[in-house]
Amino acid sequence: MGYAQLVIGPAGSGKSTYCSSLYQHCETMRRTIHIVNLDPAAEHFDYPVAMDIRELISLDDVMEELGLGPNGGLMYCMEHLEENLDDWLTEELDNYLDDDYLVFDCPGQIELYSHVPVLRNFVEHLKRKNFNVCAVYLLDSQFMTDITKFVSGCLASLSAMVQLELPHVNILSKMDLVSNKKDIEDFLDPEPRFLLSELNQQMAPQFAKLNKSLIELVNDYSMVSFIPLDLRKEKSIQYVLSQIDNSIQYGEDADVKIKDFDPADDDE
């Protein structure tokens, strides 16, 4: 069985920086992970690229040959990837062993996680190849300084959770840039009453019923909570990684194998 993180989130939320820091952390821990680039527009990497969608198709070529803009070109590239799951992706995945750990660095177009089926079909293909997959949703910590931005971020994350149907870990990125961390603490695992009160204070009275419905939606799922990530601190990276590993049961098979071969306790 293989293991995989699908690193998603809005453009500029720090996905590639997260992948780079995770790789360096695992290298220090003498743990092997493989970073996969799924962004056909990417140009520079701070980590070794194990697999690269640009070997299949690149955004520059699509824009030049088909006359598409950046967004249309990227969607064309991702749809081309979807059409080649059984060929290119399968061939690439065959290079890895059953217990390998892959981290997929994804593009930042939000529609890929909300309603376009490309990544959902990509995930289903990984599952058929016997991978345990976790969605890692990164949200810029600047969203947490304003209640309306927070609710927007929650709904975007919730949309991805519903679309992908995966174990889901929400991460607050760029915590090292936050000057006053106390402003964010209330939003990490928020109380519904607090959210509704804050939202009603900032919105016009005619939105009161909508506000109540939105907060109830977020609360009913009781799954939209965030883990702060400060890339300057190894403990912060390790804690996030442990949460992800737990969600995909990484290491549990190894523990079982070790226990199976432990000598039986004797009273003699």
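Predicted model: local features only at pLDDT ≥ 70, side-chain atom pairs only at ≥ 80, totals over all residues.
Contact here means heavy atoms within 4.5 Å. Helices (H or I, at least four residues) and strands (E, at least two) are DSSP runs, numbered from the N terminus.

Two strands are taken to pair if DSSP finds at least two bridges between them.

Strand β1 (residues 2-8) pairs with β4 (residues 101-105) in the parallel sense over five bridges. In this pairing, the bridge partner of Leu6 in β4 is Phe104, and that of Val7 is Asp105. Seven bridges, also in the parallel sense, pair β1 with β5, where Cys134 is the bridge partner of Gln5. Seven of the seven residues of β1 are buried (under 20% relative accessible area, against over 50% for exposed and in between for partly exposed; 1.4 Å probe, protein chains only), so β1 is largely enclosed by the rest of the structure. Both of its faces are covered, with Gly2, Ala4, Leu6 and Ile8 on one side and Tyr3, Gln5 and Val7 on the other.

Strand β2 (34-37) is joined to β4 by four bridges, and the two run parallel. Phe104 of β4 is the bridge partner of Val36. Three bridges join β2 to β3, again with parallel strands, and Val49 of β3 is the bridge partner of Ile35. Both faces of β2 are covered: His34 and Val36 are buried on one side, and Ile35 and Asn37 on the other.

Pockets were located with a probe. Rolling a probe the size of a water molecule over the atoms shows where empty space is left. On a 1 Å grid over the protein atoms alone, a cavity is a set of points where a 1.4 Å probe fits but cannot get out, whereas a pocket is an open set with protein on both sides within 12 Å along at least five of seven lines; lining residues have an atom within 4 Å of a point. Grid points are joined across faces, edges and corners, and a volume is the space filled by probe spheres set on the points. The largest pocket has a volume of about 280 Å³. It is lined by 21 residues, of which Lys15, Ser16, Thr17, Asp39 and Asp105 lie nearest its centre. Asp105 is also the bridge partner of Val7 noted above. Helix α1 (residues 15-28) gives the most to the lining, with four residues. The lining divides into six nonpolar, 10 polar and five charged residues; Ala, Val, Leu, Ile, Met, Phe, Trp, Tyr, Cys and Pro count as nonpolar, Asp, Glu, Lys and Arg as charged, and the others, Gly among them, as polar.

Ile57, in the loop between β3 and α2 (59-66), is buried, with a relative accessible area of 10%. Leaving aside neighbours within four places in sequence, Ile57 is in contact with Pro40, Val62, Tyr76, Cys77 and His80. Ile57 and Ala41 are 16 residues apart in sequence and 9.7 Å apart in space, C-alpha to C-alpha.

Arg30, in the loop between α1 and β2, is not a glycine but has a positive phi of about 60 degrees. Arg30 is exposed, with a relative accessible area of 81%. Gln249, in the loop between α11 and α12 (252-260), likewise has a positive phi of about 60 degrees without being a glycine. Gln249 is partly exposed, at a relative accessible area of 42%.

Key: Residues numbered from 1 in each chain as written. Heavy atoms only, no water.
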